[in-house]
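This report describes selected features of a predicted model.

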Amino acid sequence: MDSSSEGELEVKPMSIISSTITLLNTSNVKEKVVNLGIYEILGVMRGLNFISLSILLVFTTLQEAWSHGDQPLSKISIHKAIVDLNGQAYVKASPTVLGLKAQTTEWVTLEFSSPKPSADDWIGVFSPANFSASTCPEENPRVYPPLLCSAPIKFQFADYSSPDYKDTGKGYLKLQLINQRSDFSFALFSGGLSNPKLVAVSNQVAFANPNAPVYPRLAQGKQWNEMTVTWTSGYGINEAGAFVEWGPKGVDQVRSPAGTLTFDRKSMCGAPARTVGWRDPGFIHTSFLKELWPNAVYTYKLGHQLFNGTYVWSQQYQFRASPYPGQNSLQRVVIFGDMGKDEADGSNEYNNFQRGSLNTTRELIRDLKNIDIIFHIGDICYANGYISQWDQFTAQVEPIASTVPYMIASGNHERDWPGTGSFYGNMDSGGECGVLAENMFYVPAENRAKFWYSTDYGMFRFCIAHTELDWREGTEQYKFIEHCLASVDRQKQPWLIFLAHRVLGYSSDASYAEEGSFEEPMGRESLQKLWQKYKVDIAVYGHVHNYERTCPIYQNICTNEEKHYYKGTLNGTIHVAAGGAGASLSPFTTLQTKWSFFRDFDYGFIKLTAFDHSNLLFEYKKSRDGKVYDSFRISRDYRDILACTVDSCPSMTLAS
């Protein structure tokens, strides 16, 4: 090779990896290269002039993700990647310092050029910028792509904003970055996704304070008059004390300390969470704000006192305290599942199938003044083992979760992993096995690893099940569900709502119809007697990515033929699928069932409005416009709840 050639390396295929390693050994630089990041490696490569990208990237045959259609990153054949650095190619990112005004989200402009442009060229976003060259062991045969030592956060084609890039070799992109406790770099690849060649790497970009406290998410505590605040930062307990400064609006503030936790790669159950998808989660803090006055408005901000005496603050937020159990006031609840995340810059990031996610988020933000509490019932962000996606999701919902309680349930994409006690033996969590969901958000469960819990909000009692753990009769969860339903005082809290991720009731989703079950197998067999006995009004599920509402039903029979206005007792439970908040939509069966009152193959969410102890409004809204497309009302007295229906009262009493 001509060592005098300026800036351009001879392309070396992966087949020379063994000879490369031999040369590295003889050059006594193997250990140095293995432990270096991309910038140091590029320097070594320019000196040695022959290192293959195989030293930088561990390769494996990639599999296309099996669910919800194509995953853009699954098409990147990184195992074929080679280095083709060109001195005439460049990527320039600006500004280099972000968040100078304490912003947690900011746009970056990329200018790039290649002497050999192609319509297949693309830009990959990496963080940390000096992405690691350490080995990523393959831990199981089913590894979600992309198998990089440090997975790219997202990518975009070079001609996305520059249609003439192929002719001019010059282009630009605007990409949105969030504060994620590390810096960023941008890599230009040629050769398309199937034969990528690394052409150029950008300068580094970073937030002014990457460790700053970010993305607060509220949740109800174990007592009705307690609110919890959870957030993420780069400050561990050996660097700073974490707290929330808060109080009634316009009154002197007090400080409540926060607990701090984190976890490491070994906490994950498998790949990719434990390998290519691993990213340091930083530190997660939770503070408990207690003895709140019902419906009072409180302001708060996140704080860290560094050990040198200085303070780091977030911006100020506010929330309204929850009503006391039974309080007669206007109460508005939003429920949905399977929202996921998406990118405002249009980039093709991992799991980029949640086309409705941003619409749902925007609509909730637009109407936030008319929302009191939110339940996201499973399949939160579809990180599937790519840890960086959790930061991106909490950033996306920050305007919502920082203002109203954001309660979550666990779904298959948070929990399921073989050999970990999950009810299903699949790999949908990507090796997370519940760790991220249990730590990134607070829920008032007795044991967050089990993730079932109850919570009261004024006239509502919510019983939240965990469908990824056994719920059948005789199990610990079954006993919890019965206690949750049985212990509510319906005179004070007339509206009894059951929530779960998988459909334990009724659904016309094509997948369930093909099984012949119209439900999660074994779903309602044990639970329907509880719903009927304790007169559950509405059961809401995610998992199927559509909207459907049933009649009030018990044992496959409609107990009430009314569709839009229920007066008196329901005699059964209305089951609702509300899993269309963002993930790719699921088709319905063509079979017509008598119990299916309304179906919609579109993105949306539901809203419950309790006006008082006797009147409830149910609405289904589409994410694209926030308008109501299905609704019904319930109007009744307490004596209607007391009335016996089939299997709702004991067959024999002492009086009889």
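## Disulfides, a helix and a sheet

The structure, which is a predicted model, holds four disulfides. When the bonded cysteines of the protein are numbered in sequence order, the pairing reads 1-2, 3-4, 5-6, 7-8. The table lists three of these links, including the sulfur-to-sulfur distance and the torsion about the S-S bond.

| Disulfide | S to S distance | S-S torsion and hand |
|---|---|---|
| Cys 269 and Cys 433 | 2.0 Å | about 80 degrees, right-handed |
| Cys 551 and Cys 558 | 2.1 Å | about -85 degrees, left-handed |
| Cys 644 and Cys 649 | 2.1 Å | -100 degrees, left-handed |

The link between Cys 269 and Cys 433 has a torsion of about 80 degrees about its S-S bond, so the disulfide is right-handed. Cys 269 is found in the loop between β14 (254-261) and β15 (283-289), while Cys 433 is found in the loop between α8 (412-415) and α9 (435-440), and the pair therefore ties together parts that are 164 residues apart in sequence. Within this pair, Cys 269 counts as partly exposed at 29% relative accessibility, whereas Cys 433 is buried, with a relative accessible area of 8%.

In the remaining pair, Cys 644 is exposed, with a relative accessible area of 55%, and Cys 649 counts as partly exposed at 26% relative accessibility. A further cysteine, Cys 381, counts as buried, with a relative accessibility of 1%.

Helix α6 covers residues 388-396, and nine of its nine residues are buried, so this helix is largely enclosed by the rest of the structure.

Strand β4 (residues 105-113) pairs with β7 in the antiparallel sense over nine bridges, and Val 108 stands opposite Leu 175 in β7. In general, the strands of a sheet pair through backbone hydrogen bonds, in either a parallel or an antiparallel manner.

Note on methods
Residues are numbered from 1 along each chain as its sequence is written. This is a predicted model: local features need pLDDT of at least 70, side-chain atom pairs count only at pLDDT 80 or more; totals for chains, interfaces and linings use all residues. Side-chain values use heavy atoms; hydrogens and water are left out. Two strands pair if DSSP finds at least two bridges between them. Helices (H or I, at least four residues) and strands (E, at least two) are DSSP runs, numbered from the N terminus. Buried means under 20% relative accessible area, exposed over 50%, partly exposed in between (1.4 Å probe, protein chains only). A disulfide is a pair of cysteine sulfur atoms within 2.5 Å.
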